[in-house]
Amino acid sequence: MRLTQGTFSFLPDLSDAQVRAQIEYCLGRGWAVSVEYTDDPHPRNAYWEMYGMPMFDLKDAAGVMAEVDACRKTFPRHYVKVNAFDATAGWESLRLSFIVNRPPVEPHFALEREEGAGRLQRYRLRY
Amino acid sequence: MMSAAANPALDLEQLYRDSNVAGALEALERELIGLVPVKTRVREVAALLVVDKLRRSVGLEAGAPSLHMSFTGNPGTGKTTVALRMAQILHALGYSRKGHLVAVTRDDLVGQYIGHTAPKTKEVLKRAMGGVLFIDEAYYLYRPENERDYGQEAIEILLQVMENQREDLVVILAGYKDRMDRFFSSNPGMASRVAHHIDFPDYDEGELLAIARLMLENMKYRLDAGGEAALREYIALRKTQPHFANARSIRNALDRARLRQAKRLFEQRGTPLTREALMTITAADIRASRVFEDKEKIA
């Protein structure tokens, strides 16, 4: 099942040229770009592993692309995403986050709500 | 025989004018006094790049030229300034996508403990991508007296990027001539990847005076006749003293002269001041320098 998290996730996978163009856009706005990966794409898994430090003060996407490629090579069967963090006052948050690598076979799962005792809402994974 | 249509005339002049190289070269000519061999070499490199671009436009691919350079010369001879101009020229010709200059020294590249160097060097390289990486006093990266020095690690990472990502990054190594030569002879890998060696000669006294005039002009000051004679004498004296750093010493001398001028004007407050007086540096401002004192002591 195709994971739909982050920007562009309903589109076909971005090509390297498109990823590069997106990163150029982020850097052009002065955002710090970072690369993260995970093998657990559960929607509630908000904390993916960092691949290296976030990259500040970059001028060109080549540096990030090298990092993305290195991450893909190290973890070919993981999800890899690129985050762009906006540090300007008033934002201090992610502006853009998109998946740049998917495992060859994506795990099949869905979330089901179930009601517990009282009004408790639980979520259950369905594979 | 090729027909005229298949072999159209190519307009080198047009390409030269369309790129902003001309502007960058003119700025180099205007803002830098002397340095004839350097300017010649920079113009040669620029010519190579313009022609290469033209060749590429008609399908004569020769691969990205190796643009890594080594600037050697004494302190204050304009290495950083020329590197800055070089970045602009490369940007104007499309060999550097962003045309920014990242200036670093050993401290920015080499870490303090095992495993610290690689991420540090890579971070600097990533920042410099798309522009020019200027490594000042590059020979400090290699310390043969300590075989466990982490500098070697930084050199290896640098070499890898210099070879594999030539289109992303131009590296300029700078430092004293003799030490750079030793650095290259003990790092043949580095020597073979640096195509352009440019040597920066020391300035003579006339050039230093011209530099001083240019600096003052940019700071909206001027010398009166006595001031100019004093400065000429100052330069001749300063050149013979230790720690002389060419244009940098001149800049420092002028900064101190400005200080003395301000002090002199401040002390005679109460009397009306003209715009002219605010701009003028006199002989007294320069002759108060310690350089002249030492001379008297010797005499």
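Predicted model: local features only at pLDDT ≥ 70, side-chain atom pairs only at ≥ 80, totals over all residues.
**Close-up 1**

**Close-up 2. β1(B) alongside β5(B).** Here we turn to strand β5 (residues 196-200) of chain B, which pairs with β1(B) over 5 bridges, again in the parallel sense. Look for Met69(B): its bridge partner in β5(B) is His196(B).

**Close-up 3. The two faces of β1(B).** Side chains in a regular strand alternate between the two faces of the sheet. In β1(B), Met69(B), Phe71(B) and Gly73(B) point one way, while Ser70(B) and Thr72(B) point the other way. Neither set is left out in the open: 5 of the 5 residues in this strand (residues 69-73) are buried.

**Close-up 4. Helix α2(B) against helix α3(B).** Helix α2 (residues 21-31) and helix α3 (residues 36-57) of chain B pack at about 175°, with 11 Å between their axes. The pair is therefore roughly antiparallel. From α2(B), the contact draws on Val21(B), Leu25(B), Leu28(B) and Glu29(B), and from α3(B) on Lys39(B), Val42(B), Arg43(B), Ala46(B) and Val50(B). Sorted by class, that gives 6 nonpolar and 3 charged residues, with no polar ones.

**Close-up 5. Where chain B touches chain A.** Chain B brings 10 residues to this contact and chain A brings 7. On the chain B side, the residues come out as 5 charged, 4 polar and 1 nonpolar.

How values were computed: Residues numbered from 1 in each chain as written. Chains lettered and ligands numbered in written order. Contact = placed C-beta atoms within 7 Å. Nonpolar A, V, L, I, M, F, W, Y, C, P; charged D, E, K, R; others polar. Axes fitted to C-alpha atoms, helices over the stretch in contact; angles between N-to-C directions. Helix = DSSP H or I, 4+ residues; strand = E, 2+ residues; numbered from the N terminus. Parallel < 35°, antiparallel > 145°, perpendicular 65-115°, else oblique. Buried ≥ 20, exposed ≤ 12 C-beta atoms within 10 Å, placed from the backbone. Pairing = 2+ DSSP bridges.
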